[in-house]
Amino acid sequence: MNSLRRFALFCSWAIAAALIAGQFGAFHPAADSFSHLRLHLVVLALPFLLLLLITRSWINGFLLAIVITVSIGSLGQLFGGTALAHAEAGEDGRLRIISLNLNHNNADAGRVAAYIEEMRPDVVTLQEAAVESPRVTKRLKEAYPHQVICRYRGEVGIAVLSRTPFSGTGCMNDYRLAWATVSKDGKNTTVASLHLRWPYPLPQAEQIDALSGVWDQLDTPLVITGDFNAVPWSHAVQKVAAQSGTRVVPGLRRSFTWGDNWLGDLMALPIDHALISPTLKVGGAALGPHVSSDHLPLIVDIETGAL
């Protein structure tokens, strides 16, 4: 029993330390990195909580229960999501946006293009899109003739594609950001495609700080979609929302799957998001299927009548 208790104590302290560290992302980006696994750590903590109770480690069990409760309470962005109401875009005047990190090693551009053409969104935002040999954007050129593609690393770029003409576009290549203002039912919306760097020790925090002066340059209402490389409850995502005057579209959408297999699905992380201006209303949000990328497509419907 003593060995089992020591094992339970060691594991529970390690999990609790990681959960607590993830709450202090505002003080240092290294702490925010722990927030990526908050949901996984909460699930992992539950059997150890039970083990502490079985071994009668009452005080440690009580403290771990507090940490678990606080951690669950900080996952508020998971709740309140709305499913997509329709399979087809445009049926009820909604602006449908599909966002996808293509993965620059993507081997099946035809599969991606076929899926997008089947879903028929109004706007497509892409991250890690090929620039020198634009396989996906070229295949979609007929259906989406209006395209802004910005290079940010070698042959890799970021893009916004639309069925209808743009009234304004922009690139911030160094910050991995592209945007375009589109019209739906006579209402203008600026749609941005963003690809944040990986978190600490990579310079994600510095990129977010550099973007703080960009958001005021974009017309509103604003929809920011893309691969944030950060979970919705992280300080990183919340800081982007605060600086851009937007809010995170709620719901648990585990979009980064580490591959199309059971282990990838088990360890999937919700790091692809849509952030919207307060004046916008979400008609629904969901993830699409695997289309040969390690990310799943993010589909968001915006009710244009709420603009």
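The legends below describe close-up views of a predicted model.

**View 1. Helices α7 and α8 run side by side in contact.** In this view, helix α7 (residues 204-211) and helix α8 (residues 235-244) have axes that come within 10 Å of each other and cross at roughly 5 degrees. Because angles under 35 degrees count as roughly parallel, α7 is described as roughly parallel to α8. On the α7 side the contact is made by Gln204, Ile208 and Asp209, and on the α8 side by Ala236, Lys239, Val240 and Gln243. Sorted by class, the residues in the contact of α7 with α8 are 3 nonpolar, 2 polar and 2 charged.

**View 2. One face of helix α8 is lined by buried residues.** The buried residues in α8 are Ala236, Val237, Val240, Ala241 and Ser244. When the helix is considered down its own axis, these buried residues of α8 fall within an arc of 135 degrees, so they line one face of the helix. The elements that cover the buried residues of α8 include α2 (29-34), α7, β8 (222-227), β9 and β10 (272-276). Just after α8 comes glycine 245, which takes a positive phi of about 70 degrees.

**View 3. Phenylalanine 7 and phenylalanine 48 form a tilted aromatic pair.** The model has a count of 3 aromatic pairs. In the pair of phenylalanine 7 and phenylalanine 48, the ring centres are 5.9 Å apart and the planes stand at 55 degrees, so the pair is tilted. The pair links distant parts of the chain, since phenylalanine 7 belongs to helix α1 (residues 2-21) and phenylalanine 48 to helix α3 (residues 38-54), 41 residues apart.

**View 4. Tryptophan 198 and phenylalanine 256 form an edge-to-face pair between two loops.** The ring centres of tryptophan 198 and phenylalanine 256 lie 6.2 Å apart and their planes are at 75 degrees, so the pair is edge-to-face. Tryptophan 198 is in the loop between β7 (187-195) and α7, and phenylalanine 256 is in the loop between β9 (247-248) and α9 (262-266), so the pair ties together parts that are 58 residues apart in sequence. Tryptophan 198 counts as partly exposed at 38% relative accessibility, while phenylalanine 256 counts as buried at 6% relative accessibility.

**View 5. Two proline residues in loops follow cis peptide bonds.** Tyrosine 200 and proline 201 are joined by a cis peptide bond, for which omega is about 15 degrees, and proline 201 lies in the loop between β7 and α7. Threonine 220 and proline 221 are likewise joined by a cis peptide bond, here with omega at about 0 degrees, and proline 221 is found in the loop between α7 and β8.

View 6. Glutamate 128, a residue other than glycine, has a positive phi near 55 degrees. Its place in the chain is strand β2 (residues 123-130), and at 13% relative accessibility glutamate 128 counts as buried. Asparagine 229 also has a positive phi, of about 50 degrees, although it is not a glycine. Asparagine 229 is placed in the loop between β8 and α8, and at 3% relative accessibility it counts as buried.

**View 7. Histidine 36 is buried in a loop and touches residues elsewhere in the chain.** Histidine 36 has its place in the loop between α2 and α3, where at 8% relative accessibility it counts as buried. Which residues is histidine 36 in contact with, leaving aside its neighbours within four places in sequence? The contacts of histidine 36 are Pro199, Asn229, Ala230, Val231 and Leu269. Asn229, one of these contacts, is the asparagine with a positive phi of about 50 degrees.

**View 8. Asparagine 173 is partly exposed in a loop between two strands.** The loop that holds asparagine 173 runs between β5 (168-172) and β6 (177-184), and at 33% relative accessibility this residue counts as partly exposed. Leaving out residues up to four places away in sequence, asparagine 173 touches Cys150, Arg151 and Tyr152. Asparagine 173 and isoleucine 149 are 24 residues apart in sequence, and from C-alpha to C-alpha they are 9.7 Å apart in space.

Methods. Residues numbered from 1 in each chain as written. Predicted model: local features only at pLDDT ≥ 70, side-chain atom pairs only at ≥ 80, totals over all residues. Heavy atoms only, no water. Axes fitted to C-alpha atoms, helices over the stretch in contact; angles between N-to-C directions. Helix = DSSP H or I, 4+ residues; strand = E, 2+ residues; numbered from the N terminus. Parallel < 35°, antiparallel > 145°, perpendicular 65-115°, else oblique. Contact = heavy atoms within 4.5 Å. Nonpolar A, V, L, I, M, F, W, Y, C, P; charged D, E, K, R; others polar. Phe/Tyr/Trp six-rings, centres within 6.5 Å; stacked < 30°, edge-to-face > 60°. Buried < 20%, exposed > 50% of the residue type's maximum accessible area, 1.4 Å probe, protein only. Arc of directions from axis to C-beta.
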